Amino acid sequence: MLRPKQILYEDNHLLVINKPAGLVTQGASSDQISLGDQAKHYLKTKYQKPGNVYLGFVSRLDKLTTGVILLARTSKAAARLTEAFKDRKVHKTYQALVEKTDLPDSYTLTDFLRKNDAARKMETCHPEAKNGQQAVLHFQLLNHYKSATHLEIKLETGRKHQIRVQLSNFGCPILGDRKYNSTISFSNGIALHSTQLTINHPTTKEQLTFKAPLPNEWNSWMQ
């Protein structure tokens, strides 16, 4: 279940969580508990709510990814935040540890992605390929370590598995990401973390920034 230290922010409209690795955002199989299930249980217990608890899933993180995730506690907040994401008025920052060391200090990756149903993954494709969608991200090199390179990543688009696919296609897969060609094991999930999320509050319009510290599993690689 959710622990108090995992709650980064909470008010009548928002619930912001520092998601651990290995937890799907929603839609878990019958033998698993999702982050959404845990969040609803947390709210139901804390506020002694009878019946169902509303939560709008306005952002998602992959099962193996950690960090800031935003949930809406009211339908009004969900609708306004969904529109903000669609209009690219939400700013997301990630950090990753990748295998390749000879990377430029900063770079922009532009690809077209599509779903490969047979392989159950995303893949790059030709710009004119059927169902292809443009994906754009910017990365900045933060540090070189003995066995990994530390990147900060900002997204222009929000495609499924976007960071994982694009970095792999660029020749620098994320540590532990076997699905996208990593050859290095990572102790818990993959080395991709949602570090910061900035939004305008859906009702007060105040700009809010939420930050999640890097998981402890990163420490042994950052030396």
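This report walks through the charged side chains of a predicted model.

## Ground rules

Residues are numbered from 1 along each chain as its sequence is written. In this predicted model, local features need pLDDT of at least 70 and side-chain atom pairs pLDDT 80 or more, while totals for chains, interfaces and linings use all residues, and side-chain values use heavy atoms, with hydrogens and water left out.

## Salt bridges

Searching the whole structure turns up five salt bridges (a side-chain nitrogen of Lys or Arg within 4 Å of a carboxyl oxygen of Asp or Glu). One of them pairs Arg164 with Asp62 at 3.1 Å, N to O. Arg164 sits in helix H3 (residues 162–169) and Asp62 in the loop between strands E3 (56–57) and E4 (66–72), so this contact ties together parts 102 residues apart in sequence. Helices (H or I, at least four residues) and strands (E, at least two) are DSSP runs, numbered from the N terminus.

Arg164 also bridges to Asp177, at 2.8 Å. Asp177 is in the loop between H3 and E10, so here the linked parts are 13 residues apart. Both Arg164 and Asp177 are buried, whereas Asp62 is partly exposed at 21% (buried is under 20% relative accessible area, exposed over 50%, partly exposed in between; 1.4 Å probe, protein chains only).

## A positive patch

Out on the surface, Lys76, Arg80, Lys89 and Lys205 gather in a patch of positive charge. Patch members have over 30% relative accessible area and no salt bridge, with like charges joined within 9 Å. Lys205 lies in the loop between strands E10 (192–200) and E11 (207–211), and is exposed at 52%.

Technical notes:
Patches are made of residues with over 30% relative accessible area and no salt bridge: like charges are joined within 9 Å, nonpolar side chains (Val, Leu, Ile, Met, Phe, Trp, Tyr) within 5 Å. Accessible areas come from the Shrake-Rupley method with a 1.4 Å probe; for residues, only the protein chains shown count as cover. Lys and Arg count as positive and Asp and Glu as negative; His and the chain ends are not counted. The place of a charge is taken as NZ of Lys, CZ of Arg, CG of Asp or CD of Glu.
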